[in-house]
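Hi everyone, thanks for coming. Please take a look at the sequence and the structure on the screen, and I'll walk you through them.

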Amino acid sequence: MKLYQKISNLLAARENCIKQGNLTWQTNHTEEIEKLVKNTMPSGSGFDAGTVLDLHTSKPNKLIFSTGFHHMDEHGGYDGWTHHQVVVTPNLQWDFDLRITGPNRNEIKDYIHDQFQNCLSWEVPRE
């Protein structure tokens, strides 16, 4: 199972627990999602504040990640941030589509797309 599928399945399970009032398993699913995102999604190498999944707006068929990119100037010094949301939606032909919001400073959206494409396509080991 790929990472985006695992996160989607966990979101569906979490939603079911919310509907049923099962706080214990809601918490378990939330913690597993947060752990997966922390350990597998872009962090460092410009994504210096890491990446988080917006649990309030994400759904099993629409994952919404928030991230920022710490840009450098031509001398190697940091010179500002851009903030982005990465919206992941199903695509029947190609698994999923990515839409990246925020400014495209230094063509950063192409890099963000590549990084998220690679991370979300990772095969999660079976437990």
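**The sheet, and the rings beside it**

Let's start with two strands: β3 (residues 78–91) and β4 (residues 95–100) run antiparallel and are joined by six bridges. Before I go on, this is a predicted model, where local features need pLDDT of at least 70 and side-chain atom pairs count only at pLDDT 80 or more, while totals for chains, interfaces and linings use all residues. Residues are numbered from 1 along each chain as its sequence is written, and side-chain values use heavy atoms, with hydrogens and water left out.

Two terms you'll hear a lot: helices (H or I, at least four residues) and strands (E, at least two) are DSSP runs, numbered from the N terminus. Two strands pair if DSSP finds at least two bridges between them. In general, strands of a sheet pair through backbone hydrogen bonds, either parallel or antiparallel.

Back to our two strands. Which residue of β4 stands opposite V87? That is R99. A hairpin of three residues connects β3 to β4.

Now step over to β2 (residues 63–72). Nine bridges hold β2 and β3 together, again antiparallel, and H70 has W81 in β3 as its bridge partner. These two strands also form a hairpin, with five residues between them, and G76 in that turn has a positive phi of about 85 degrees.

On to β1, which is joined to β2 by three bridges and runs antiparallel to β2. Here L53 has F65 in β2 as its bridge partner.

Put together, the four strands make an open sheet in the order β1-β2-β3-β4, with antiparallel pairing. Why is one side of β1 and of β4 left without a neighbour in the sheet? Both stand at the edges with a single partner strand each, so one side of each has no neighbour there.

What about β2? Eight of its 10 residues are buried (under 20% relative accessible area; exposed is over 50%, partly exposed in between, with a 1.4 Å probe and protein chains only). β2 is therefore largely enclosed by the rest of the structure.

Next, the rings. Rings of Phe, Tyr and Trp (its six-membered ring) pair if their centres lie within 6.5 Å; planes under 30 degrees apart count as stacked, over 60 as edge-to-face and the rest as tilted. How many aromatic pairs does this rule give? The count is six. In one of them, the ring centres of F47 and Y111 are 5.9 Å apart and the planes are at 20 degrees, so this pair is stacked. The two residues are 64 apart in the chain: F47 is in the loop between α2 (23–40) and β1 (51–53), and Y111 is in helix α3 (residues 108–120). F47 is buried, at 2% relative accessible area, whereas Y111 is partly exposed, at 32%.

Y111 also pairs with F69, this time edge-to-face, at 5.8 Å centre to centre and 75 degrees between the planes. F69 belongs to β2, 42 residues from Y111, and is buried, at 11% relative accessible area. Finally, F47, F65, F69, Y111 and F116 form one aromatic cluster.
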